[in-house]
Amino acid sequence: MIAGGMDRHVGRTVLLAVLVTLACFLTLVTLFALVEELQDRAAGYTPLDAALYIAYTTPGRVVELVPYAAFIGALLGLGVLSNHGELTAYRAAGVSLLRLFAAAALPVAALLAGGQWLGEVVAGRGEEAGATVKFEAAQNAGVGAAAGHVPFGRWHREGLLYTYIDGYGGGDRLVGVRQFRVGEDRNLVFSRRAAYATFLGAGGGADGAEPPGWLLHDVRETHFDYELGATVVRSYDTLPWRTRADPELLNVKSLLDPGRMSVSELTRQIDYMEREGLDSSRHGVAWWSKVLQPVAVLGLVWLALGFVAGPLREVSMGARLSVGIAGGLAFNYLRELFAPMAVVVDFPPWLAVAIPIAVCWLVGAALVRRAG
């Protein structure tokens, strides 16, 4: 009965501290981001657009801040219990540090589960909506190629066919599609321009035997005959484009920074890039960072317990806050040190993400063992 009450008390204290820390961090980061957006002098980008962009991308900021809020919040929450002598009383009653860790980690794990759901379901849509606000602002200023679509301009490669897309019209519609097919000798076989393309749906046909595809409309195609030194121009009302690329792969979200994508979106991008022989290291690091985030956050809570039970047992709250900020920055710098190694050198992305997490757990274990 006493142990159960202790678990709930420790959990509530830590959870409250984490939530307050998260709210403070989110307020500061949002204000800084809003000031930065308001300083954007791009034509057509109004203060209202900036406010909408900040609102849409706030869920993504919450997901990014959860690990640091968990560490500093756990440090402060456990520090409050230590200052009141409660941790000392629990230890004297025979409660182990592992039991205290479980009591502190349980509410953090619940918060983390909510953050994971937010990142997978809400944040991705918010990032897409925020990017759309910026692209539409550019269109309204006259930057867009045509009315009624979101201009973004991106390349897509599939085998020897290179496709450039001017914009996304919504409703599974691409606007301004240009394609270039090269042969094995790297000579241009044909170039093609379509006014727009509509998605045919999964299977790309009635029988579903073909890969997903698009139907190009108002097509002008130029073939190059190098032996005769001539070109042949053909026009089509519609022309099928058989491809595995669906609207989810080609829309605005594909232009986001990998760290802003959800796990499912990253999985889709990595599959495409590996299939086409493209470098997917940056996306791989982001994927492993999200998958291993629960282990990283719980490792930070473990580290916080080691600090409070050890060298920070009798210091002031301000000192703990300073150590928490320094520890969070150190963890972030360690991640930024190893993440580029997966891109620049032949270093497995999972290892680049796992090393900082392992260091966190090992340092926490050393502190807890010394305190125990």
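## Cysteines

Cys24 has a relative accessible area of 43%, so Cys24 counts as partly exposed. This is a predicted model. Cys360 is buried, because its relative accessibility is 6% and the cut-off for burial is under 20%. The disulfide count is zero.

## Helix H2 against helix H8

Helix H2 spans residues 47–83, and helix H8 spans residues 293–309. Their axes come within 9 Å. The crossing angle is roughly 25°. H2 is therefore roughly parallel to H8, since angles under 35 degrees fall in that class. The crossing of the pair is right-handed.

On the H2 side, the contact is made by Val63, Pro67, Ala70, Phe71, Ala74, Leu75, Leu78, Gly79 and Ser82. H8 answers with Gln293, Val297, Leu300, Val301, Leu303, Ala304, Leu305, Phe307 and Val308. Of the residues in this contact of H2 with H8, 15 are nonpolar and three are polar. No charged residue takes part in the contact of H2 with H8.

## Helix H7 against helix H10

Helix H7 covers residues 281–291, and helix H10 covers residues 349–371. The two pack with their axes 8 Å apart. The angle between them is about 40°. H7 is therefore oblique to H10, because an angle must be under 35 degrees to count as roughly parallel. H7 crosses H10 in a right-handed sense.

From H7, the contact uses Ser281, Gly284, Val285, Trp288 and Ser289. From H10, it uses Pro349, Trp350 and Val353. The residues of this contact of H7 with H10 divide into five nonpolar and three polar.

## Trp361 in helix H10

Helix H10 also holds Trp361. Trp361 is partly exposed, because its relative accessibility is 27% and that class lies between 20% and 50%.

Neighbours within four places in sequence aside, Trp361 is in contact with Phe101, Val295, Leu298, Gly299 and Trp302. Val301, one of the H8 residues that meet H2, lies 60 residues from Trp361 in sequence. In space, the C-alpha atoms of Trp361 and Val301 are 9.4 Å apart.

Conventions: Residues are numbered from 1 along each chain as its sequence is written. This is a predicted model: local features need pLDDT of at least 70, side-chain atom pairs count only at pLDDT 80 or more; totals for chains, interfaces and linings use all residues. Side-chain values use heavy atoms; hydrogens and water are left out. A disulfide is a pair of cysteine sulfur atoms within 2.5 Å. Buried means under 20% relative accessible area, exposed over 50%, partly exposed in between (1.4 Å probe, protein chains only). Axes are lines fitted to C-alpha atoms, for helices over the stretch in contact, and angles run from 0 to 180 degrees between N-to-C directions. Helices (H or I, at least four residues) and strands (E, at least two) are DSSP runs, numbered from the N terminus. Angles under 35 degrees count as roughly parallel, over 145 as roughly antiparallel, 65 to 115 as roughly perpendicular and the rest as oblique. A crossing is left-handed if the near helix is turned anticlockwise from the far one by less than a right angle, and right-handed if clockwise. Contact means heavy atoms within 4.5 Å. Ala, Val, Leu, Ile, Met, Phe, Trp, Tyr, Cys and Pro count as nonpolar, Asp, Glu, Lys and Arg as charged, and the others, Gly among them, as polar.
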